[in-house]
Amino acid sequence: MLEVNNLRVQYDDFIAVDSVSFSVEEGQWLMLVGPNGAGKSTVLNAVAQTAPYTGEILFDGKNLKTMRPDQRATQIGVLSQNHFVEYSFTVEEIVRLGRYSHTRGFFSEKGTDNEEAIEQALEKTGMTEQRNQSVLTLSGGELQRTFLAQVLAQNPKILLLDEPTNHLDLIYQKQTFSLIREWLHVPGRAVVSVVHDLSLAKLYGTHAILLDHGKAVSSGILSEILTPENLNEVYKMDVGAWMKTLLSTWD
Amino acid sequence: MQRKEHLSFLTYLLLTAALIATVCLCVCLGSVNIPLAEIGRIIRNVLSRTPQESGVGASIILSVRLPRVLCVALTGASLSVAGAAMQGLLRNPLADGSTLGVSTGASLGAVISIAFGITFPFLPFAGTMVMAILFAFLSLLFILGLTYKLDSSLSTNTIILNGVIFAMFISSIMNIIITFAADRVQHITFWTMGSLQGSDYLDAAVLAVALAAGSLILISNARELNAFAVGEENASHIGVNVKRVKLTVLITVSVLIGVCVSIGGTIGFVGLVTPHMVRMVAGPNHKRLLPLSLFAGAIFLMLADLVARILLNPRELPIGVVTSIVGAIVFVVIFYRSRKRR
């Protein structure tokens, strides 16, 4: 579905990502893994077309750079980590924006497809009751669920997630990831995500790319990539031992 | 609270009624108060092409007050809808022609064209206006460009700070030019505080055309402005062509502000006050916000102009004095609230 060739992102003199290539196929959940500053989010932003890049990013063989933004949005959706909302939009208004790429014009929004997609997205994320509430009054978790509902309403083929539960309670973390796994079960879909938590990556991912200093150290099936040797080299510590230490506190 | 996407027909009807009522009020009251019945008679005479009866009433109403009130209403609506659009686009409730320095930039353009006699060969009558529009647009580009360089998140504070400094700098240059060309350019108060005294039907017609075109373009971008008001990155994610929308809105806003400034000088804070009030009542959705701001802006500026005319009768205050007093207070309130939220 998604093919990234020789991706390079440069800000002034700083090369954030260099010669990264990978592909994502239907049903895969690709985890971008690596220490801080490895370029994980930058790769995601380049795919979302919000970071300037050279190289080629193709969706079903079509170059994303030359695709119209609204066409692109029907294929690729993004859930970011933080949302700073300034105005008191209602939950439903935010979710409705997700239908932007499926509707043209000022008055043509009332299609049943739209209403149905919005209802479903609200229901799946458990935000139906708060639909008329101002987003300024929501908790961090509810706000993130609102934007998750937005991207579900957008109904893309590939979902890009940038640390979607970074600052959320564990319960939201679990709910969000389970929901996304369920979403992925529908044929023709794929997920690419940046996750800091290696346990989460191992639990949900099918494939992985290990990034370090802007370069892909290795990529492929998750279990073959997130090996102790690979992780220890990139993180410069005994990752497995640390994870076991963390877990041992529960015994 | 459940809100409808669009305004209902009844709302439009009520708003139109309020607008007409305000026009009548503003035409009646002034240095000489003219009873509503007489205005009715004068308008009937105009419509039936009967010659007006003798007396000052008809000439005051038809050649002084009515064109002025119309210009005030159209200016208020234009500045207000332009302010609302800018606040959405920049996700900044403090953005307005006056706080961003765009109006001051437009004034400089107008002053330069008058002082140096700049006209355009194909638009000899509109040299001032074209220069004002051009300078409004260049000011916007400059302020936004500088802000992007300093702070790529385009934070509320940076952008306003840049706007204020820019406005100070530009008004100094404008002062120098006005000092050297005092015989040709209106007094500095006109450019800094604005006035629609002496405006005529031609001005009203030009304002009406600009407002019709401008508000149509902005309202047709209401969904895109909603997306920008949530966040530019989010707008890009959901498929908004961010570059095209940004350019469209900035050009439209420049035209609206440029036309208003070239006719009425800089009338500050109108674009800040009315969208803020509207948002408090009707929420931030631009499908409601933009049309409501049109009406509210027209009514607000007509009332401000009325106060400016009758408060110290027979002396007249510059209209910008009234709007700035109200505007400055609203500015502080918005600033305080958005700070407290963080």
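Start with chain B. Of its contacts with a separation of 6 or more, 77% are between residues 24 or more positions apart. Two residues are in contact if their C-beta atoms, placed from the backbone, lie within 7 Å.

Before going on, note that this is a predicted model: local features need pLDDT of at least 70, side-chain atom pairs count only at pLDDT 80 or more, and totals for chains, interfaces and linings use all residues. Residues are numbered from 1 along each chain as its sequence is written, while chains are lettered from A and ligands numbered from 1 in the order in which they are written.

**Stop 1: chain B as a whole**

You will find 14 helices and zero strands. Helices (H or I, at least four residues) and strands (E, at least two) are DSSP runs, numbered from the N terminus. Its C-alpha atoms fill a box of roughly 65 × 55 × 40 Å along the principal axes. The radius of gyration of chain B is 20 Å, which agrees with the value near 20 Å for a compact globule of 342 residues. That radius is taken over C-alpha atoms, and the globule rule is 2.2 Å times the number of residues to the power 0.38.

How much of chain B is buried? Buried residues make up 51% of its 342 residues. A residue is buried if 20 or more other C-beta atoms lie within 10 Å of its own, exposed if 12 or fewer, and partly exposed in between; the C-beta atoms are placed from the backbone.

**Stop 2: chain A as a whole**

Switch to chain A. Here there are ten helices and ten strands. Its radius of gyration is 19 Å, close to the 18 Å that the globule rule gives for 251 residues, so chain A is as compact as a globular protein of that length. The C-alpha trace spans about 55 × 50 × 35 Å along its principal axes. Buried residues make up 41% of the 251 residues. Of the contacts in chain A with a separation of 6 or more, 68% are between residues 24 or more positions apart.

**Stop 3: where the chains meet**

Show both chains. In this pairing, 26 residues of chain A are in contact with 24 residues of chain B. On the side of chain A that touches chain B, H2, E6 and H3 of chain A each give two or more residues. Which element gives the most? H2(A) does, with four residues. The residues on this side of chain A divide into eleven nonpolar, eleven polar and four charged. Ala, Val, Leu, Ile, Met, Phe, Trp, Tyr, Cys and Pro count as nonpolar, Asp, Glu, Lys and Arg as charged, and the others, Gly among them, as polar.

**Stop 4: a helix to pick out**

Select residues 140–154 of chain A. This is helix H5, with 15 residues. It reaches 21 Å from its first C-alpha to its last, close to the 21 Å expected at 1.5 Å a residue. The expected span is 1.5 Å times one less than the number of residues.

Twelve of the 15 residues of H5(A) are buried, so this helix is largely enclosed by the rest of the structure. Among the buried ones are A:Leu143, A:Phe147 and A:Leu152. Now show what covers them: the cover includes helix H4 (112–124), strand E7 (158–162) and helix H6 (170–184) of chain A. Step just past the helix to A:Asn155, which takes a positive phi of about 55°.

**Stop 5: two sets of strands**

Find the open sheet of four strands in chain A, with the order E2-E1-E4-E5 and antiparallel pairing. Strand E2 (14–24) and strand E5 (62–63) stand at the edges, each with a single partner strand, so one side of each is left without a neighbour in the sheet. Two strands pair if DSSP finds at least two bridges between them. Two bridges join strand E4 (residues 54–59) to E5(A). Click A:Phe59, which stands opposite A:Lys62.

Next, select strand E9 (residues 207–212) of chain A. Five of its six residues are buried, so E9(A) is largely enclosed by the rest of the structure. Four bridges join strand E3 (residues 29–33) to E9(A), and these run parallel. Six bridges join E9(A) to strand E10 (residues 215–221), and these run antiparallel. E9(A) and E10(A) form a hairpin with two residues between them. In the turn, A:His213 has a positive phi of about 50°.
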